[in-house]
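Thank you all for coming; I would like to walk slowly through one structure with you today. Please have the sequence and the model open while I talk.

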Amino acid sequence: MKKWKLSIIMLIALSMVLAACGQSKDKEESNGDSKKTSLYDKVKEDGELLIGTEGTYPPFTFHDESGKLTGFDVEIAREVAKRLGVEAKFQETQWDAMFEGLNSKRFDMIANQVGIREDREKKYDFSKPYIESSAVVVVSKDNKDVKSFEDIKGLTSAQSLTSNYRDIAEKNGAKIQGVEGLSQSIQLLEQGRVDVTVNDKISILDYLKKQPNAKVKIAAEAEDAGQSGFMFRKGNDKLVEEVNKALEEMKEDGTYKEISEKWFGEDVSPK
């Protein structure tokens with residue numbers, strides 16, 4: 001009788017061990033499948049790349065007169081998606097909600113002139129920079145005296161009071177005339193009411209593209225430039241790699257330059 005009971009106990013114990021092993025194996029296989037299914041694989045399988053953007057930030061991402069979403073970032077992102085063999089699907093949101101949208105997996109990447117900064121690189125991955133811009137000094141077309149940032153010392157500079165470009169102007173010794181934005185700065189320059197304005201190069205190029213008869217010019221450009229890239233959640237190396245490959249191909253075959261010159265009149269790729 002005792003032997004019989006012992007055999008029953010041993011059979012039950014063996015069954016429990018085998019069941020546990022089976023569950024462990026199932027878990028390992030499940031984990032293995034999840035590792036194999038990367039975000040890049042999902043994008044390819046779904047046939048679409050979900051892209052977060054504002055849609056209210058010209059000339060980078062905005063709606064034209066017909067209501068179509070367009071802009072430099074939009075065109076670059078569409079071309080990248082095309083080269084990945086998928087469709088670009090944009091999801092518009094406000095800037096302050098965009099990062100959370102990426103965190104919650106509403107988007108696969110963000111295309112919205114996101115500056116590549118050390119604090120952001122700790123939390124997110126970036127593509128290689130696809131655009132860079134620096135601070136520039138803008139003067140009237142007939143000004144031949146200002147050729148560097150040092151030359152604006154003692155001059156009056158039209159600046160938005162909350163802008164970091166105001167800080168640059170002050171640092172170089174300029175007197176500040178407060179304005180509401182770039183258009184007003186240019187207007188005061190053309191009227192001779194201020195001597196200079198310090199602003200973002202890309203913004204100036206966009207303005208001059210739209211207003212080719214503006215009587216102003218870029219007189220000096222800062223050596224250091226800020227760079228922007230597409231932003232991703234960490235851990236999606238394959239997708240970042242393929243996006244970088246697409247960007248490189250666009251630069252090599254001239255597509256990037258074509259899009260850049262369309263929007264800014266020159267190549268704005270990182271040097």
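Predicted model: local features only at pLDDT ≥ 70, side-chain atom pairs only at ≥ 80, totals over all residues.

Let me begin with Asp206 and Lys210, whose side chains meet in a salt bridge at 3.4 Å, N to O; a salt bridge here is a side-chain nitrogen of Lys or Arg within 4 Å of a carboxyl oxygen of Asp or Glu. Both residues lie in helix α8, which covers residues 201-210, and they are 4 residues apart, about one turn of the helix. Asp206 counts as buried, at 10% relative accessibility, where buried means under 20% relative accessible area, exposed means over 50%, and partly exposed is in between, with a 1.4 Å probe and protein chains only.

Residues are numbered from 1 along each chain as its sequence is written, and side-chain values use heavy atoms, with hydrogens and water left out.

What does α8 pack against? Helix α10, residues 255-264, packs with α8 at an angle of about 70 degrees, and their axes are 8 Å apart. Axes are lines fitted to C-alpha atoms, for helices over the stretch in contact, and angles run from 0 to 180 degrees between N-to-C directions. The two helices, α8 and α10, are therefore roughly perpendicular to each other, since angles under 35 degrees count as roughly parallel, over 145 as roughly antiparallel, 65 to 115 as roughly perpendicular, and the rest as oblique. On the α8 side the contact is made by Ile202, Leu205, Asp206 and Lys209, and on the α10 side by Glu261, Lys262, Trp263 and Phe264; contact means heavy atoms within 4.5 Å.

Arg117 forms a salt bridge with Asp119, with the closest N and O atoms 2.8 Å apart; Arg117 is partly exposed at 41%, and Asp119 is partly exposed at 40%. There is also a network of salt bridges, which links Glu79, Arg83, Glu249 and Asp253.

Let me turn to the sheets. Three strands form an open sheet in the order β11-β8-β12, and the pairing is antiparallel, where two strands pair if DSSP finds at least two bridges between them. The strands β11 (197-200) and β12 (216-221) stand at the edges, each with a single partner strand, so one side of each is left without a neighbour in the sheet. From one strand to the next, the twist averages 40 degrees. Strand β8, residues 135-140, is joined to β12 by 5 bridges, and Val136 stands opposite Glu221 in β12. Helix α7, residues 182-190, lies across β8, β11 and β12 and runs at about 35 degrees to β8.

In what sense do β9 and β10 pair? Strand β9 (residues 156-160) and strand β10 (residues 175-179) pair in the parallel sense, over 5 bridges. The chain crosses from β9 through helix α6, residues 164-171, to β10, and this β-α-β crossover is right-handed; that is, with the strands pointing away from the viewer, the path from the first strand over the helix to the second runs clockwise.

Finally, please find Ala81 in helix α3, residues 72-84. Ala81 counts as buried, at 0% relative accessibility, and leaving aside its neighbours within four places in sequence, Ala81 is in contact with Leu49, Val86, Glu87 and Ala88. For the protein as a whole, 44% of the 271 residues count as buried, and there are 10 helices and 14 strands.
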